[in-house]
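This report walks through one protein model. Keep the sequence and the 3D view open while reading.

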Amino acid sequence: MSSARALTVGPGRDRIVPMPDTAFRILVVEDDERIRSLLSEALARWEFEVVHPDGFARVAEETLRLEPHLAILDVNLPVLDGFEWCRRIRAFSRIPVIMISARDSGPDTLMGLSSGADDYVAKPFSVEVLVAKVRALLRRSYDYAVEEPTRLLRGDLILDLARAVVARGAAKAELSKNELLILSSLMRAQGGVVSRDELATALWRDEVFVDDNTLTVNMSRLRQKLAELGAVEAVKTIKGRGYILP
C-alpha cells in the first residue's frame, strides 16, 4: 500500500497525521448489535481495523481519541442522532463519513449530506455494497493504490485484467470496460452470488450513473462473448438474488 496522509483537522489548525502502513481504521457507530457485527466482520475481511466508540454519549470525543480514517454513523442513535454527531465531527475533522439509516426519504438524505456526510445509505442495505463504498471513499480521500492481481482464474476461464481479455483454451475475446467489471466481480466472488446492486456499484464506481437497463445490456453482451468461447451459460441467474459464475 502506498503512503498517504490523513485529513484530520485539530482544534484551531490543521494537523496532518501520517497514514500507517497497516490497515485503515474504520469507526463504526451503530447501536444495533446485529448490524454492528455484520459490518465489523465484513470490514475485517478486507483487513480494515474496526473500532467502536465507548458508549454513545461522547461520539465526537471518541472520534478524536480513536483517530479513524473513515466513520460509519447510524442516524438513529441514543443521546444525539447521527446528523448532530456528524456536524460535531466536522468541527474538527475532514475524515470521510458514511451515514446509514432506516429513513429513506429525500429530506433525510439531504439532511445527512448537509450535515457533512460524504454518502448516505438507506437500510436495509447490502453489506458488500457498503464495503465497496468505504473502499471507494478511502481511495478518493487518501489516494492509495490498491494492489490488484493481473489475472483472475475461474474454472477454465482466464481473465487478463490489464488487457481486458478473457480466454478459454486458445480462444480469446476482448471485453468492454463494463463487461470487464462485471466478469471480474463474478470471478472474485469465487462461486458466490453477486447481486445486481453489487454489479451496478462496480459499474458506477467512477461516479457515472448506470441504470438497470445498462446492466442488463452489458450482461447479455458478456454472456454472448462467453458463449462464443464455448462457455455456454457460464453465468447463471439466481432468481431474486443475482448472478453466479459456478
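## Helix α5 and its cover

The buried residues of α5 are covered by elements that include β3 (25-29), α1 (33-45), β5 (70-74), β6 (97-101), β7 and α7. Contact here means heavy atoms within 4.5 Å. Helices (H or I, at least four residues) and strands (E, at least two) are DSSP runs, numbered from the N terminus. Buried means under 20% relative accessible area, exposed over 50%, and partly exposed in between, with a 1.4 Å probe and protein chains only.

Which residues of α5 are buried? They are Val 127, Val 129, Leu 130, Val 131, Lys 133, Val 134, Arg 135, Ala 136, Leu 137, Leu 138 and Tyr 142. The length of α5 agrees with expectation: at 1.5 Å a residue its 16 residues should span 22 Å, and its end C-alpha atoms are 22 Å apart. The expected span is 1.5 Å times one less than the number of residues.

## Model and overall make-up

This is a predicted model, in which local features need pLDDT of at least 70 and side-chain atom pairs count only at pLDDT 80 or more, while totals for chains, interfaces and linings use all residues. Residues are numbered from 1 along each chain as its sequence is written, and side-chain values use heavy atoms, with hydrogens and water left out.

The protein has eight helices and 13 strands. Of its 246 residues, 46% are buried. Take the contacts between residues at least 6 apart in sequence: 60% of them join residues at least 24 apart.

## The aromatic pair

How many aromatic pairs does a search of the whole structure find? It finds one. The ring centres of Phe 24 and Tyr 142 are 5.6 Å apart and the planes meet at 40 degrees, so the pair is tilted. Rings of Phe, Tyr and Trp (its six-membered ring) pair if their centres lie within 6.5 Å; planes under 30 degrees apart count as stacked, over 60 as edge-to-face and the rest as tilted.

Phe 24 sits in the loop between β2 (13-14) and β3, and Tyr 142 in helix α5, so the pair ties together parts that are 118 residues apart in sequence. Both Phe 24 and Tyr 142 are buried.

## The second largest pocket

The second largest pocket holds about 230 Å³ of space. It has 13 lining residues; the closest to its centre are Val 121, Phe 125, Val 129, Lys 133 and Asp 197. On a 1 Å grid over the protein atoms alone, a cavity is a set of points where a 1.4 Å probe fits but cannot get out, and a pocket is an open set with protein on both sides within 12 Å along at least five of seven lines; lining residues have an atom within 4 Å of a point. Grid points are joined across faces, edges and corners, and a volume is the space filled by probe spheres set on the points.

β7 (119-122), α5 (127-142) and α7 (196-203) each supply at least two lining residues of this pocket. The largest share, four residues, comes from β7. By class, the lining has eight nonpolar, two polar and three charged residues. Ala, Val, Leu, Ile, Met, Phe, Trp, Tyr, Cys and Pro count as nonpolar, Asp, Glu, Lys and Arg as charged, and the others, Gly among them, as polar.

Helix α6 (residues 177-188) has 12 residues, and 10 of them are buried, so α6 is largely enclosed by the rest of the structure. Among the buried ones are Leu 180, Leu 181, Ile 182 and Leu 183.

In α7, the buried residues are Leu 199, Ala 200, Thr 201, Ala 202 and Leu 203. Their cover includes α5, α6, α8 (212-228) and β13 (242-244).

## Backbone exceptions

A cis peptide bond joins Lys 123 and Pro 124, with omega about -5 degrees. Pro 124 is in the loop between β7 and α5.

Val 79 is not a glycine, yet has a positive phi of about 70 degrees. Val 79 lies in the loop between β5 and α3 (82-90), and is exposed, with a relative accessible area of 62%. Gln 190 also is not a glycine and has a positive phi, of about 55 degrees. Gln 190 belongs to the loop between α6 and α7, and is exposed at 53% relative accessible area.
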